[in-house]
Structure formats: structure tokens, C-alpha cells
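Please read each point with the sequence and the structure in view.

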Amino acid sequence: MLLNVTAHRPDSVVAAVRTNFTGPDDINLVVNKCTHFELHLLIDQDVERTDDAGNVSSFTEKALRLVKDVPIYGRISTIKAYRPEGRATDLLFITTEKCMAFIVSFNPDTQRIETEGVGSIRDPKARPADAGHIGLVDPENRLLGLHISQGTFKIIPMFHRGVSPAAWNPVSAGSGFGKGKSAVRAPNPGELGESFNARLDELLVLSIVFLHTPLDDHPALAILYQDSKETRYLIQYNVNVAEKKLAVRKEAVKVESGASMLIPVPRDGGGGVLVVGEQTIALHHPLLAKPITTPIKATLMKCYNQVDKGLRYLLGDYEGFLYMLLIIPENGRPERLKINCLGVTAQATCIVHLSDGYVFVGSHYGDSELQLIQTQKDASCNYLSLRDTFKNLAPITDFCVVDLERQGQEQVVACCGGQKDGSLRIIRNGIGVEEIGQLDDMGELTGVWALRPHSAARHDTILVLSFISETRLQMMDGEAMAEVESTGGFKTSERTLACCNMPGDTLVQITPSSVVLLSCEGWMVVAEWSPPAGSSITHASAHHNAVLVSLGGGMLYLLEASATHLTVKSTAQLEHEISCLNISSLDRLGTPLCAVGCWGDNSVRLLRVPSLTETFREVLSGETIPRSILLVDFESVPYLLVSLGDGQLFNFHITSSLALSERKKTTLGTQPISLRIFQTAGGRTHVFAASDRPTVIFAKSGQLLYSNVNMREVTHMSPFNSAMAEGALALACDGVLKIGTIETVQKLHVRQVKLGESPRRIAFHEQASCFGVMTFAVRDLPNNEVSEMSCLRLLDSQSFDLLDSYDLHPFETALSIMVATLAGDANPHMIVGTGFAFPQEDEPTRGRILVFTITSTRGLRLVHEYETRGGAYSLASVHGRLLAGVNSKILVLRWDPDTSMLHLESTNHGHVTALVLTVRGDFVLVGDLIKSVTLLQFNPSPSDNGGARLEEIARDYDSVWMTALEAIDDDTFLGAEVNYNLFALRKQADAESEEERQRLRPVAFFHLGEMVNRFRRGKLTMHLPDGGLSVTPELLYCTVNGALGVIASLTPETYATLETLQKHLRSVVTCVGDLKHAEWRMFQTERKSVEDTGIIDGDLIETFLDLSRKQQEQIAERVAAERGVSFADLIKLIEDLTRIH
């Protein structure tokens, strides 16, 4: 019983479109990332830059800001933007690979994406088109078109006032754009009609576009296709909506044999269509007898985008070069074509010109980019200036899980990207702290605050350190800290409760005995306020010129600081003792506010400032009191955070009426939490939760996220924005005060090591502290041939510097790598499996197994080379023997330490291609290209021919094309296959019949929606010493589109509870496009469909925490009725789930 949860969503950019989606004047970028799409807004931002001489200049440049990241219950095949008549903003037309289509719009009032239409576009008996789904929008917004099946073109009419109603396909009321019959009515402008299929004689369509035609003419199509003789043609059709057919507009003409892409030219650009080939680009124009052609450097163009009204186009090729194509007119018609290379980008899958020369380059093989096209070339003859990059892990071909720092924090080192954008990515959970300095002898520290030398100063220079019975000051002295001897009016003989700068070059120190207003110059006492005799201050908070303090017995005082005075503005008597307080001014509320937590009733209260009248009270559950409280703005949304003494954290939204709503709870640790606000370099607000498990709280796309800090315990934190380190923090931990900077705040942190070639396989040599990485790159051979040359790179595990390398032969491909200790030899060996991929062979007929040792100087030394009759697709080690999956056989090889040679002991047959081998104890799992999973057992006893052997125990008799395989435990095995599904098989060792014992029984089915390349044992989160998790992470996996996921095992009770919760969430949590979760997770292949079972969707379960309190309680009641689980236990279970990734 398993759980799947996504740790990192896919990054690969499939397509992108420029649109005015969120507002008529907004420039939006919608990015298709397969199972989700991102909505960005192009904004202006102020930037400061310092030149070599130290001069600071300010200017404005454009940037992309993420507005929403929208998950989809499907794999997005096309996204197109269009604007129906009468609409001020664009709509998005989206289709999925399972042939569902929907239309969405943006509601500016609710800031939500709303579904306006849904329909099925499936043609049940048709054969899918070889080119995949192609979605089109007529430039005049008269039609939507889809090519999804061979021999047909699906047309969805869109009514336009410029179109005669007589030529309009009748609209069926309530049918949307799907098929259906009901009452016919008059169409409305922009409304979609009933879809229909028009016959298409061209079966192998390579590219298809709508041409630009006037409203009084038929919509027109241009189609690039290939015939049975592999000759390519261009043909044009008129779309006759009334007769539901295509009529030839222009007969087929032969084009370049390497033609792959069509570009429609707008009427402002002269009209016609561009045919892009490998060696030429040709413009076919209706007024010209023959096309205008220009030669280009031999390449393969992958994508294009129109820059202006139709005379300039951007083209991107497979090598990452970006070109500008110009149509040069003369006398009102195109005269010639000109193409210029602008520079090098990531290998583009899509190009989108946004505005003013800013171009988004989306990539599958590298980081996507925001580039600016400049009018002048730089020193390297490049017209491009990189403005921003967007992380992309895709494709992840392999990875390993290692604990490089030996602190229980495992990291993923992944082979990512391809060709020139290939890299290693080091991925870990949590935020690292780069230590700059450290102050010792900080035991019994009770608080720390940073001060500026005057109110207008940019940097902090002083640290105020509070201890149980004293206060110390530390000041910046060059690049070091020194204790301050002359402390002026500071009260150093008692502890400090709060301290901060105030307006008018003053600062305030609050101690149990008084509130002291000091001048920044000389720290002279300007004013002082003391509580009534017999009372002392217990808690304090200051903001701007307001100071809020509490005394014993629930008494509150609000003081106002001026340049020379401290004045009591108001008081309030609460019925309970005060345990924590905070005062602040939140931007959206427009008024100062204070919040207090109380002992007696465990309540939190909002009080209006300056009257201190109560506006709202919320009683917290449990017996633990509030210990820290904080008012904070996250993404302009006001929040109240409340931490308890047992490590729990509540968060609330604050409404405009100064009430609390949307109460949510999470567990961050086991000890009391101290909350402090800090700002990152980009000006974003974050909250540091100091505790036994320090955490940074931040908001992204309207959700609060929690990222653990990679430190064992932090008791206190203060921002310390010093000249030595912008945005630094002072952190109290383990009796010392560390000053350091933190990494960019996010859930997973990714470090890139550029390789400049495609990484294929990776293994970690722990003893030598190095990685073996198999890479390949396309290289020219002496005989003018081109070959993918592979090599083994040896990299240091800390610096990732290149230690050594070993080149393979031409046409030899690296297929597998592992580090193993073989019988009779104590030294681990790095073992590589290869195959020769000759152009004339369908599969390798020979290969090699190479055995390397790592020398004392950390170099590679080849000690043995074993020839194989096929490619060594997989390697594994069992009881000191080496197993190699070579084409259809599995070899059992014995290592002779005396001769340093491998010897064949036995061979296991009966496979098609043994792609994956994984070992657990004596058992060996084989993942086959076609024949699913086979379970073998290693028998070390000599066989008739004198060697150890593998014996078949059981197999899955279904035909499944495997991509990855791993054992969950001794009896359960998890597999992934080419239709983006996961499935689990179970060994039936206790079955009564021999036939059942020889069959692996399916116990779980799940549609992941991603192609898995590798499973590995490991976890992303640190080991928690107190345990208690309800879910146990077992495996990590990587996918082609750059996703990382976690597979966890569940107890039967936990599984039953989560299955019940999942059932009820499906009826509450909706998806854009009204797609059904149950249909999305259904296991589907070409031969069968099975409802998901045995694997819980952790992504859906975690959405429970994002629901309103009322929705949570309603669902929890249903779960409790079926499973008897309390609301608190259900919340804890889901929070445990979020802690595993």
C-alpha cells in the first residue's frame, strides 16, 4: 500500500503563448509544462547596477512575474489563445492527450481561472496522427482547428459578425463544442458551434497552419505533408463550414525534402506561407508564380515566432542558435528574404516575442531564458542579452542519492539536460546557510536584535544580545565584530525584551523595568517610561513609533514615541495573562493592528490601534499556550501566525473587518517556536521560525510554504543586513551566534554543474569521494561521418572538478554504470556497460563491460575489458557476483582477483531486452522491454556446468513495456511503463498452488502522467530522531519532463484513511477544465483500463490543507464517519505527508 507525491513538478517547456489574459493591457506568457501550465505577467522593475568604478546606476527593465501555476488532470497537448468578438481579454483553448478540450478565462475580481466550456474531441475509431496533436486558431477568430487523427481535420466553428449566418454551422443549445443534438438557436458573437471532422487525404502531416484570409473569404489551411515515397509537398485548402468539408485552394507543390515547418504570413506582411527546410526557406505567395527562396546554413529549425505585423520572424534551431528572418518588400509585394543569426540561447522548443525586444525561449534540454534583442552586437558578435533564466531539470536520465555531508541529509545528484545544455544538478530539500562569522560564548542567549547607526542608514552595524540577567552590544569593526565597552544609556544589567530603531534618529530598548528611548548619536537617554510600582514588563513589541508592552495580570500599555517623549496613548485590561504580543501595520488593511495571545483560555485576539479595543477573538484547541505571535503581509495578503509551545503553528487570514478566517495548523517541530520577519535580497517577505527544526515560511501563488533550514536547532534569529553581507541573518544555535546568508528561499534547492554534453548515467564511488558520469556528445569523425561519442567522466564529489576521463570507441554508447565490490576483492570497482550502435543495426550486436579502479591519485585505471554479444543495458551485483543484462540474456559473471578478469558462470534466457536489473537480498528483478517483470533467485550452489545461476521464481505474464523497476520490500515491486503508468506486483510465496506461486499478482495501478526513467532508494528529508511519521518514504523517481517524486509505504490503517479522504476530496477539489481526478489517475494502456488502486495520490491529499476551515471540517466529518479518525489526527496525518518531500 503506497503513496505517490510530487516533490518537484516537471520543468520541461512544451510550448508557450503570448496573450492578454489577465487584462486588456496585460502582456501574459502562458507556458505549457505538460501536466501544469504557468501564467506569467510581463512587468517593469527597477534595477540598480554598480560598474567597475563603483558608480551605481538605476534603470527600468522588464521581467516575468509568476501569477499562477495551474495543475491539470491530464497531459496538455496544445494551448492556444484567441479573442472572440466582444471580449476585452483573450481566452485559452486547451486540449489534453486523452482528447479532452476546454476553454478558460481569467476573472479579475476573484483572480481565478474559470472554465467556460468543456468537450470531448475523441474520435474513437480513428488512428492518432503521427505528429501528435496540432491545435490552430484562425487569425480572424472564425474557427478553431485540431489535427489529432490521421485522415481528418476537426473544425470547431466560431461565430463572427463578419460571417453570414447562412454560412454558419447551426449551434446546438447546450452542446458546447462537443457533439450533440438539441434545439437549434441563433448564434451569439464569439460562440463556438458544434465540431465536425473534414476529410483529409494527406495522411502523414508534418505541419499545418491557418492562412491569413479576409473575412469575406473562406478560412484557409496550408498543409505540409509527406507521401509514401518520402517526398514532401505543400497544399492549400479552403474550409467550407456550411458544407463541412475542405476544398482545394491551391494544388500541391513539391518542396525541399527536409521541409518541416510552415509559417503563415499576415496580410500586412504580404500574405502567403513560409516553408522552412533544412537548407532553404521559401515564401509561397499568392501573387508570385514561383516561391522566393533563400539558402540557410544546414540545420533543423524547431520553432518560430512572429515579431511584428509579419515582416520579421524569430527562428530557433536544434543547436540553440536564434535567427531573425526578414521579408523585404518592394512595390507592395515581397521581393526577397534575409536571415541573420542573433546569437546562442538554450535549445529552444518554443520562442515567444513578448514586447520591446524581450523574447522568452522555452527549452526541454536546458534552462528556459528571457532574452533581450539589442540593436548593437556585443564583443562576441551577439545581439542577445540574457535577462533571466528559469530552472529546468528535464530530461532527467539518471540520478543517485548520496549523503555528501554525512549529516543524514540525502541529496539527489541527477543527470539533466542534453547536448550543450547538459549538466549535473545537485538537488536537496531545505535551505542552506553560508556562514560568514561566529560569536562564541553565547549560552543562555534570550534574544538578538540588529540596529542601524541612524534611521536613514542602509546597513545594520550593531547587534543587541540579551541574556538571562544582562545585555551585551556587539558592533561591526571593519569585517569583524567587537564588543562595545561604552554602552551609553543602554540598560545592560538586565535582559532586553525588544529593541529597534525608531523615527527621528532614535532607538528604543525595552527591559522588564522600563521602556528607554535613546538617541542614535551617543546613545543618550531621551525619554524613559516605567510601569507602575510593583509591576514589570513581561512582553514587548515595537513598530514605527509605537511600543506595545504587557504587564502581569493581563495589562496592556500602548506608548507613542516622539523625538523627545514617550507618551501613553491607551491601556487595556484583559481577563487573562498575556503570553505573547505583536504590533504592526499591514498594507492591505491600511491601519495599525496588534495581536496578543493569552494563557488562561489559549486564545489569540486582534486589537485595534490606538484604542486597543478587541475586534476578534479565536480560541485555539489543546492545552499548549501561544508562545509567539506575528502579523505579516505575504504577497499583499495579511496573515496572523501563532506558534505554540509544542512546535505547532497556526496561520489565519485577516479580513478587512479585522477578523480572522481560514484557520490552518501545521507542525514544525517539538519545541517552542520564535517567529521573526526578514526580507530577502529581492524584497520578498519571509518569516523565520526558530525551533528545534528551524523553518522558513513564505508564500508562493497564494499558498504558504514551509522550507526547513539545514541546521540542527536555532533558538533565536535576527536580520542583520550588514555591509559585509547584504541580507545576512544572525542565528543563535548550540551556544554560539552564527552570522550567515541563506540561499534563495524555496522548497527544493538546485545547484547546477555545467557539462556541455549530455549526461546519461551516474554512479557514486563513496570510498574515493567521486562520481562516475557517462556522457555523450556529437562529434565529427575523420571520414566526414558524425557519431555520438561517449566517455566516462570522473568528478570530485564536493567541487565537481574533473579528475579524469576515459573515451569510448566511435559508435560505442554508454548504457549502464555501477560501483560494486566483487567477491575476493575488497576494493570497490567502477563498472561500465556499453553497446555499439552502428547505423545499419537495429540493436547492438556487441558491447563491452569495462572494469575500472580508482587510483590513489583519484584517476581511472582500466583493469579489465569483457566483450559481450550485445549491449550491456543493465548491471547489478549480488553476493559478490556481477549480473549484466545483455540484450535478451542475463549473464552471471565471477571476478577473479588474481587475474583481474571476469569469467562467465551461467546465463539466464527468456527475455526480449533486459533493460533494468535490481537486487534485493537473493532476489533479482528483471524489467524487460516488452515482457514486464520477472523475479529470479540467485543460487550460489554450483550448477551442472560448475557455476552459480539464476532461477526463475515468478513473473508477470502481462505484456508491459517497462522503463523503470525497484523493490519496495521483499514481496512488493514497483514498476513504471511507457504509457506513463505505475503498477505494483506482489510475490505469492504462500499461495497454495504452484501456478499461483509462479505468478506475480498485480496489487496497485496508478496513472502518473510522466514517463519514469529511474527509481532509487532514498529520501529528500532529513531523518527525524523522534520518528512518529505516519508515512515512510521508500523510493525517489525521476522523469523525462524533469519531475521528481517520492514513493512512500503506508500501513493498512493509514492507507484506508487516506483512500477515504481521497474519495471525498475528489468531489470537492475541482480542476481547471472540469477534468475528473478519477479519470486522470486511471491506469490506461492501448489494451486495458483499470481504476487506480493501491497507490494514493499525495498531491490531491495535500490540497486538503489549502481548503477553507469549513470545507476541511465537512470532509473530516465524512472521513470520521467511515474511519473514526478525528479532525486533529487527520490534520497531523496530512502534515506528516508534507514532511517527506
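1. The buried residues of helix α5 are Gln 1112, Ile 1115, Ala 1116 and Val 1119, where buried means under 20% relative accessible area, exposed over 50% and partly exposed in between (1.4 Å probe, protein chains only). Viewed along the axis of α5, these buried residues fall within an arc of 105°, so they line one face of the helix; the arc is that of the directions from the helix axis to the C-beta atoms. The face of α5 turned away from the buried side carries the exposed residues Lys 1110, Glu 1117 and Ala 1121.

2. On the basis of this note: the model is predicted, local features need pLDDT of at least 70, side-chain atom pairs count only at pLDDT 80 or more, and totals for chains, interfaces and linings use all residues. Residues are numbered from 1 along each chain as its sequence is written, and side-chain values use heavy atoms, with hydrogens and water left out.

3. Helix α5 comprises 15 residues (1109-1123), which should span 21 Å at 1.5 Å a residue, and its end C-alpha atoms are 20 Å apart, which agrees. The expected span is 1.5 Å times one less than the number of residues. Helices (H or I, at least four residues) and strands (E, at least two) are DSSP runs, numbered from the N terminus. Among the elements that cover the buried residues of α5 are β55 (660-667), α2 (1052-1065) and α6 (1127-1138), contact meaning heavy atoms within 4.5 Å. Gly 1124 follows α5 and has a positive phi, near 70°.

4. How many salt bridges does a search of the whole structure find? The search finds 49, a salt bridge being a side-chain nitrogen of Lys or Arg within 4 Å of a carboxyl oxygen of Asp or Glu. One of them joins the side chains of Arg 1016 and Asp 398 (3.0 Å, N to O). Arg 1016 lies in strand β84 (residues 1012-1017) and Asp 398 in strand β32 (residues 398-402), so the pair ties together parts that are 618 residues apart in sequence. Arg 1016 counts as partly exposed at 25% relative accessibility, whereas Asp 398 counts as buried at 1%.

5. The side chains of Asp 201 and Arg 199 meet at 3.1 Å, N to O, and both residues are exposed. Arg 894 and Glu 905 form a salt bridge at 3.9 Å, N to O. Arg 894 is partly exposed, with a relative accessible area of 33%, while Glu 905 counts as buried at 12% relative accessibility.

6. The bond from Ala 394 to Pro 395 is cis, with omega near -20°, and Pro 395 is found in the loop between β31 (384-390) and β32. Val 609 and Pro 610 are also joined by a cis peptide bond, with omega about 10°; Pro 610 lies in the loop between β50 (603-608) and β51 (614-619).

7. Which backbone angle is positive at Asp 505, although this residue is not a glycine? The angle is phi, at about 55°. Asp 505 is placed in the loop between β40 (498-502) and β41 (506-510) and is partly exposed, with a relative accessible area of 38%. His 544, likewise not a glycine, has a positive phi of about 55°. His 544 lies in the loop between β44 (537-543) and β45 (546-551) and counts as exposed at 53% relative accessibility.
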